[in-house]
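Please open the structure in a viewer and keep the selection tool at hand.

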Amino acid sequence: MSDHSRLYIVGAFLLGVALTGVWKNSSIDDRPWNRRTERRMQQDQKRLSNTSKLSDPATLKKSLIEFFDQFEGSKGEVKEGIEGCIGGTPLIKIKSLSEATGCEILAKAEFLNGAGNSPKDRVALNIIEMAEKEGLLIPHSGDTIYEGTVGSTGISLAAICRARGYKAHICMPDDMAVEKSDLLLKLGAEVERVRPAPIVDQNQFVNLARTRAAEHTADPNKPGRGLFADQFETEANWNAHFVGTGPEIYDQTGGRLDAFVSGAGTGGTISGVSLFLKQKLPELKVVLADPPGSGLYNRVKFGVMFDPKEREGTRRRHQVDTIVEGIGINRVTHNFEIGRELIDDAVRVTDDQAITMARWLVENDGIFIGSSSAVNCVAAAKLAKQLGPDHRIVTLLCDSGARHLSKFWANTEPIGGKNDVSLHEILN
Ligand SMILES: Cc1ncc(COP(=O)(O)O)c(C=O)c1O
């Protein structure tokens, strides 16, 4: 018997068994899901009939595998609420940067986390679950989570709070893109936008959130308690990446990677991922991507928290002097310090380089990202040039460009216009 006939007989038999299973499970009434099942059965029959016409054994085999994968994939497909859509993000190859540098540049698509659409979903969920375990939060009691955030953590907390029966109160600097505070309001969070201020100021957004949580707990007229999420200092932050992002990167690359590149805001991502990956891959190079005005570059390179802009007195803002949001900081945080020794090097990225990279990724790959992701990609491409071809570098795409339309993306050149960008322009 030829290969083809054998495959066909085995395939047809197995298809028959699979389809009988599906048919048996369907009932005869016409509720929507049964109508959907019926449509699916019709599609399966059509595919079966098309498969039977295939004469090339290789194509037939591929078609049968795809058919059975569809049944396999449908197992456990239902996610348990919005929290079930957090983690397990895809690792994607950025084709343009990989081709241009000769290195494989892979990006973990963290903007595909399903609650707040950033890596902060993992952190927010971990903070809430840890607090629930410690009995610090009671659903629908008026318990409220307070956080100081430039936006992403607040959005993740606000979404998960809704799903779990808590309230969210977010304090943020008033110079962050307005779409973030708009989104928070639509999620029903209370939002306080405050003037950017140094950490010694009691009205600095993180200090204010801590104060508001304490005020809530002390107020007998307010239902429930106030819980300060404290993303900069809490163990739940780096831990979320140590148990989630890090292991996922390791599995998705099969442990084959030479470098990991990430910016740091709280430092939770770079620390948690590095703490996990470096124990598995001691030779892995961890590189910080840092925007202008941040002291972290010098903290990694020279052990001191210092940015020349502080000395020159040219700072325009009180926090970090850049158009980039979410990364860069001028104080030591527990979440950065816990992994700092594992960071091998740092790359400075200018605002212009970040904006140009963001445009490059749209023009060449159709990838529309926000400012911190653009900084990550510039640093990853710079590192690729430094390491030379045939290395594998993993970085993160943290959030979508949609979160940055009014600021980072506001004054960019048109895509596909006369002024196409070159990678040379970005990296030099
Ligand atoms: C968009 C975005 N990217 C990156 C980061 C940095 O992550 P981490 O705080 O883990 O250092 C943040 C932090 O808020 C962020 O909002």
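**Helix 5 against helix 6**

Begin by selecting helix 5 (residues 120-133) and helix 6 (152-164): their axes come within 8 Å and cross at roughly 50 degrees. Helices here are DSSP runs of H or I with at least four residues, numbered from the N terminus. Axes are lines fitted to C-alpha atoms over the stretch in contact, and angles run from 0 to 180 degrees between N-to-C directions. Helix 5 and helix 6 are therefore oblique to each other; angles under 35 degrees count as roughly parallel, over 145 as roughly antiparallel, 65 to 115 as roughly perpendicular, and the rest as oblique.

The model is a predicted one, in which local features need pLDDT of at least 70 and side-chain atom pairs count only at pLDDT 80 or more, while totals for chains, interfaces and linings use all residues. Residue numbers start from 1 along each chain as its sequence is written.

Next, display the residues of this contact (C-beta atoms, placed from the backbone, within 7 Å). On helix 5, select Lys120, Asp121, Val123, Ala124, Leu125 and Ile128; they meet Ser152, Thr153, Ser156, Leu157, Ile160 and Arg164 of helix 6. By class, this contact of helix 5 with helix 6 has six nonpolar, three polar and three charged residues. Nonpolar covers Ala, Val, Leu, Ile, Met, Phe, Trp, Tyr, Cys and Pro, charged covers Asp, Glu, Lys and Arg, and the others, Gly among them, count as polar.

**Helix 6 against helix 7**

Gly154, Ile155 and Ala158 of helix 6 and Lys180, Leu183 and Leu184 of helix 7 make the contact.

**Helix 5 against helix 9**

Return to helix 5 and select helix 9 (residues 235-253) with it; these axes come within 8 Å and cross at roughly 115 degrees. That makes helix 5 roughly perpendicular to helix 9. From helix 5, Arg122, Val123, Asn126, Ile127 and Met130 meet residues of helix 9 including Ala236, His241 and Thr245.

**The ligand**

Which residues are the closest to the ligand? Select Ser152, Gly265, Thr269, Gly326 and Cys398, the closest of the 18 residues that surround the ligand. A residue counts as near if its C-beta atom, placed from the backbone, lies within 6 Å. The shell consists of four nonpolar, twelve polar and two charged residues. Helix 6 and helix 10 (268-280) each supply at least two residues of this shell.

Finally, colour domain 1 (83-113 + 244-427) and domain 2 (119-228): each gives at least three residues to the shell around the ligand. The domain bounds come from an automatic or database domain assignment.

Terms used: Contact = placed C-beta atoms within 7 Å.
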